[in-house]
Amino acid sequence: MRWSQALIPTHKEDPADAETVSHRLMLRAGLIRKLTSGVYNYLPLGWRAIRKVEQIVREEMDRAGCQEILMPIASPAELWMETGRWDVYGKELWRVQDRNGRQFVLGPTHEEVVTDIVRNEVRSYRELPFTLYQIQTKFRDEVRPRFGVVRAREFIMKDAYSFHRDEASLDETYRALCDAYTRIFDRLDLNFRAVEAATGAIGGSASHEFMVLSDTGESEVIVCECGYAATSERAEGKIAPPPTGEEERPLERVDTPGMKTIEEVSAFLGVEPWRLVKTIIYEADGRPVATLIRGDREVNEAKLGLALAADIVQPATSETIEKVTGAPVGFAGPVGLEGIEIIADHTVEPLTSVVVGGNENDVHLTNVRPGRDFRVTAFHDIALIAKGDSCAKCGKELDSFRGIEVSQAFKLGTKYSTSMKATFLDEDGEAKPFIMGCYGLGVSRTVAAIIEQHNDKDGIAWPLAAAPLAVEVLAVNVKSDETRRVAEEIYESLRAAGVEVLYDDRDDRPGAKFKDADLVGLPLRVTVGDRGLERGVVEVRVRRTGEQTDVPTDGAAGEIQRILGTLT
RNA sequence: CGGGGCGUGGCGCAGCCCGGUUAGCGCGCCUGCUUUGGGAGCAGGAAGUCGGAGGUUCAAAUCCUCUCGCCCCGACCA
């Protein structure tokens with residue numbers, strides 16, 4: 001690839017609307033361009049990186065015995081109605097109509113479609129187990145696209161689906177695919193961690209996510225030195241109880257003008273946040289529910305959903321809150337709250353004197369005694385576990401880190417096969433629903449994650465496995481005949497040897513070309529210029545270490561390949 | 001969806017409050033000369049319906065209304 005003829009539009013300055021390192025660098029190095037919010041063009045270098053990752057994914061999936069297929073992007077709404085996800089998936093489901101007004105879905109994932117294939121084609125337990133996968137563009141109409149391709153509305157995903165006659169078989173494939181993921185991310189030189197995860201809208205019993213460690217990651221992972229690791233939504237732990245046993249005092253009504261948040265109220269009244277009890281109104285599958293939790297803690301909506309056996313749990317709208325509590329948002333409280341379930345977290349149980357909202361504008365209640373002043377419908381564990389709590393497994397203090405979720409594996413069980421009546425005949429002659437697993441891996445997101453972990457102040461520093469090309473040959477001054485002759489020769493020799501080379505043959509200032517080379521960040525840079533040629537050498541520089549060696553011009557291509565072989 | 005902010009040559013921005021000549025600046029781009037090992041210098045040049053629509057006014061980038069787009073913070077997920 002000759003730079004002078006390639007579309008590699010680099011930028012000297014940072015784009016204004018990019019926040020994270022990977023997003024900035026992908027734009028600056030000319031990998032991607034935004035078409036519209038959350039939708040990107042992949043330019044030559046970006047697309048090459050995507051294909052590198054895809055290839056590794058493909059190799060490892062194939063090695064694990066999976067079969068690649070390709071399903072349509074658009075699928076008919078009826079399929080999604082069968083499983084109920086037409087409603088449950090919500091606004092994220094990207095819906096389109098054909099000319100006749102028939103509704104379609106642009107696939108965010110393909111459980112429905114793959115299950116439809118299998119129910120039509122597979123009859124017998126003798127054909128099980130097997131795993132199908134595809135690498136394809138997916139659509140999710142995200143509420144808030146951000147961080148470039150990390151959270152895009154259109155993105156590239158590898159999705160795999162396994163079909164089994166029993167749990168044991170599912171377990172085996174599940175483990176094999178988690179191993180495949182480990183190999184993939186190892187090969188991509190990522191610092192990652194497999195963690196236990198909650199099962200979201202996709203459903204199912206067990207789940208793991210693979211997290212690439214990054215401070216800009218959107219996910220929080222709770223970890224313990226005993227080896228326990230889980231997403232914060234999933235994490236189990238023990239929350240230290242506060243001191244209790246205050247003297248019993250009569251309930252008191254206090255004016256708290258405009259004090260809506262825990263911080264405001266606790267600062268205003270001069271009490272610790274844990275002495276407050278937050279009342280948060282949720283809507284669980286449409287019905288309002290009040291939740292109580294200690295003021296210094298957050299509600300875990302996944303746990304709340306489990307406790308209520310609800311598919312969709314979301315914070316209530318302000319209209320609902322006002323209707324339920326009779327007060328504007330910010331002043332909800334459990335005292336005198338009628339006609340609604342009140343679910344309290346266990347953290348509330350030992351408290352003896354707390355501050356709560358007064359269900360009246362600008363009013364809170366103090367010296368409130370749970371049991372005396374209000375009742376709850378039930379206590380549940382609905383608190384989000386955080387760094388500093390103790391591990392449910394070993395009791396040690398939990399730590400946390402942030403990560404980018406690059407893949408997730410689910411044991412789906414029969415959730416989809418049952419609702420879609422996808423069955424096979426088992427040995428005993430009985431029709432049984434397929435037991436399924438599904439395994440997603442965000443390809444475009446993984447490229448961003450790689451950049452997030454492999455960069456420095458000058459730009460991207462690609463690991464060889466994901467690099468768009470392996471080597472950049474940089475001609476310092478193309479007006480010098482000797483420089484051009486040697487650079488061309490090395491370029492052609494490397495290409496002939498099957499090495500992917502970017503040849504910077506642009507008639508530009510050396511400084512600009514060096515800056516671009518660092519920005520684009522190919523693993524090896526071969527500098528061809530008068531300074532080296534006078535001594536009969538070209539300079540080979542490793543992007544990630546800065547290590548530089550002089551290589552004799554004669555036979556340079558061979559030596560460059562040798563050095564390439566030492567890189568990861 | 002709630003909160004905050006921004007739309008002005010390809011990119012980054014100023015101008016807007018307090019309407020008033022040819023709408024500026026840096027980078028980039030084109031031409032020429034000089035220059036050539038870490039984003040060059042000089043000279044010349046091209047490029048903007050000031051996001052869109054409506055309104056106020058003698059006059060609108062600037063004021064008003066509506067609208068579209070984009071970004072950031074929170075709830076969702078590969």
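Reader: Which residue of strand 17 is the bridge partner of Ala-284?

Author: In general, the strands of a sheet pair through backbone hydrogen bonds, in either a parallel or an antiparallel sense. Here the bridge partner of Ala-284 in strand 17 is Val-313. Three bridges join strand 17 to strand 15 (residues 277–284), and the two run antiparallel. Two strands are taken to pair if DSSP finds at least two bridges between them. Helices (H or I, at least four residues) and strands (E, at least two) are DSSP runs, numbered from the N terminus.

Reader: On what basis do the values rest?

Author: This is a predicted model, in which local features need pLDDT of at least 70 and side-chain atom pairs count only at pLDDT 80 or more, while totals for chains, interfaces and linings use all residues. Residues are numbered from 1 along each chain as its sequence is written, chains are lettered from A and ligands numbered from 1 in the order in which they are written, and side-chain values use heavy atoms, with hydrogens and water left out.

Reader: What is the strand order of the open sheet of five strands?

Author: The order is 17-15-16-18-21, and the pairing is mixed. Strand 17 (313–315) and strand 21 (378–380) are the edge strands; each has a single partner strand, so one side of each lacks a neighbour in the sheet. On average, neighbouring strands are turned by 35° against each other, direction ignored. Such angles run from 0 to 180 degrees between N-to-C directions, with axes being lines fitted to C-alpha atoms, for helices over the stretch in contact.

Reader: Which strands does helix 8 touch as it packs on the sheet?

Author: Contact is defined by heavy atoms within 4.5 Å. Helix 8 (residues 301–308) touches strand 15, strand 16 (287–294), strand 17, strand 18 (341–345) and strand 21, and its direction makes about 125° with that of strand 17. Helix 9 (residues 318–325) also packs on the sheet, touching strand 15 and strand 16, and its direction makes about 115° with that of strand 15.

Reader: What is the strand order of the open sheet of three strands?

Author: That sheet has the order 4-6-5, with antiparallel pairing. Strand 4 (74–76) and strand 5 (94–97) stand at its edges with a single partner strand each, so one side of each is left without a neighbour in the sheet. The twist averages 40° from one strand to the next. Four bridges pair strand 5 with strand 6 (residues 103–106) in the antiparallel sense, and Trp-94 has Leu-106 as its bridge partner in strand 6.

Reader: At what angle do the axes of helix 1 and helix 11 cross?

Author: Angles under 35 degrees count as roughly parallel, over 145 as roughly antiparallel, 65 to 115 as roughly perpendicular and the rest as oblique. The axes of helix 1 (residues 21–28) and helix 11 (residues 443–453) cross at roughly 100° and come within 8 Å. Helix 1 is therefore roughly perpendicular to helix 11. Val-21, Ser-22, Leu-25 and Met-26 of helix 1 make the contact with Val-447, Ala-448, Ile-451 and Glu-452 of helix 11. These residues divide into six nonpolar, one polar and one charged. In this scheme Ala, Val, Leu, Ile, Met, Phe, Trp, Tyr, Cys and Pro count as nonpolar, Asp, Glu, Lys and Arg as charged, and the others, Gly among them, as polar.

Reader: How far apart are the axes of helix 2 and helix 11?

Author: The axes of helix 2 (residues 44–63) and helix 11 are 9 Å apart, and the angle is about 110°. Helix 2 is therefore roughly perpendicular to helix 11. The contact residues of helix 2 are Ala-49, Ile-50, Val-53 and Glu-54, and those of helix 11 include Val-443 and Val-447.

Reader: How many residues surround RNA strand B?

Author: A residue is near a molecule or strand if one of its heavy atoms lies within 4 Å of it. RNA strand B is surrounded by 53 residues, the closest being Thr-36, Arg-144, Asp-518, Arg-531 and Glu-539. The residues of this surface divide into 16 nonpolar, eleven polar and 26 charged. Helix 13 gives the most, with seven residues.
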